[in-house]
Amino acid sequence: HDQTLMMEFNSAALRTLVMQIWCEKMVADVEDAENSGEDFTSQSLEECTYDFFLSRFGLRSAAELQLRALVDAIQRDYSKDPRVQVFGRLIGVAQPLPADACRTLLAFLSQLFRLTGGLGDSELNGGQSLLPVDIVTSAIEASCPRRLTQVLATGVKAAAAASADGGYRIDLDVAVSLVVRHWERASEVAAQDLGKMFSEADVNGDGVLTYDEFSAVVRAA
């Protein structure tokens with residue numbers, strides 16, 4: 001490849017690009033859901049990102065060159081920008097999120113897109129989107145597991161109250177980061193609880209549950 005053809009995304013351009021890819025993904029998901037019902041299988045964000053560049057550059061070689069530039073830019077800004085960090089984790093550039101977390105976050109974004117009718121020009125140009133707290137909490141209730149809805153709603157309200165906007169709105173990037181953070185915390189707690197349950201059920205301490213030990217766990221539940 002001719003390296004001179006590779007684009008360089010500065011921080012502002014990267015933020016804009018990430019949001020453009022997200023928005024194309026959300027539009028496609030909403031259209032697929034309307035045309036196919038709730039049982040449709042959505043395209044992964046990795047596939048959507050690839051298609052985003054392919055549709056703009058035409059040739060696979062050119063699209064893949066720009067994907068390399070995107071990955072380089074994500075790695076550069078990963079620790080500096082929450083939006084870039086979440087996007088990088090969603091497409092597996094660094095610290096990949098589990099599949100369940102990816103589905104939850106993308107479902108949350110789709111609900112926000114539906115409820116707001118799309119994002120404003122400020123967000124698409126790399127700036128901020130201040131979203132009403134009630135819309136964000138509605139999106140959470142419609143997309144997130146029940147174990148997360150209450151703690152997320154509380155976190156959103158607390159973050160909004162701490163902002164300069166007076167508690168009525170919250171920045172989209174903050175809301176997205178909250179969903180990721182609380183999903184990971186809930187998963188850690190669930191894993192700890194499962195480990196504790198296993199240890200208590202493993203009466204003889206051999207690291208393997210016998211049929212009787214497993215049956216006792218089921219009955220206790």
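The largest pocket is lined by 24 residues, and Asp 29, Ser 42, Arg 103, Leu 106 and Ala 107 lie nearest its centre. The model is predicted: local features need pLDDT of at least 70 and side-chain atom pairs count only at pLDDT 80 or more, while totals for chains, interfaces and linings use all residues. Residues are numbered from 1 along each chain as its sequence is written, and side-chain values use heavy atoms, with hydrogens and water left out.

**Largest pocket**

- A pocket is an open set of points on a 1 Å grid over the protein atoms alone, where a 1.4 Å probe fits, with protein on both sides within 12 Å along at least five of seven lines; lining residues have an atom within 4 Å of a point.
- Helix 1, helix 2 (45-57), helix 5 (99-116) and helix 7 (133-143) each supply at least two residues of the lining; helices are DSSP runs (H or I, at least four residues) numbered from the N terminus.
- Helix 5 gives the largest share of this lining, eight residues.

**Helix 1 and helix 4**

- The axes of helix 1 (residues 11-36) and helix 4 (residues 82-90), lines fitted to C-alpha atoms over the stretch in contact, come within 10 Å and cross at roughly 50°.

Technical notes. Axes fitted to C-alpha atoms, helices over the stretch in contact; angles between N-to-C directions.
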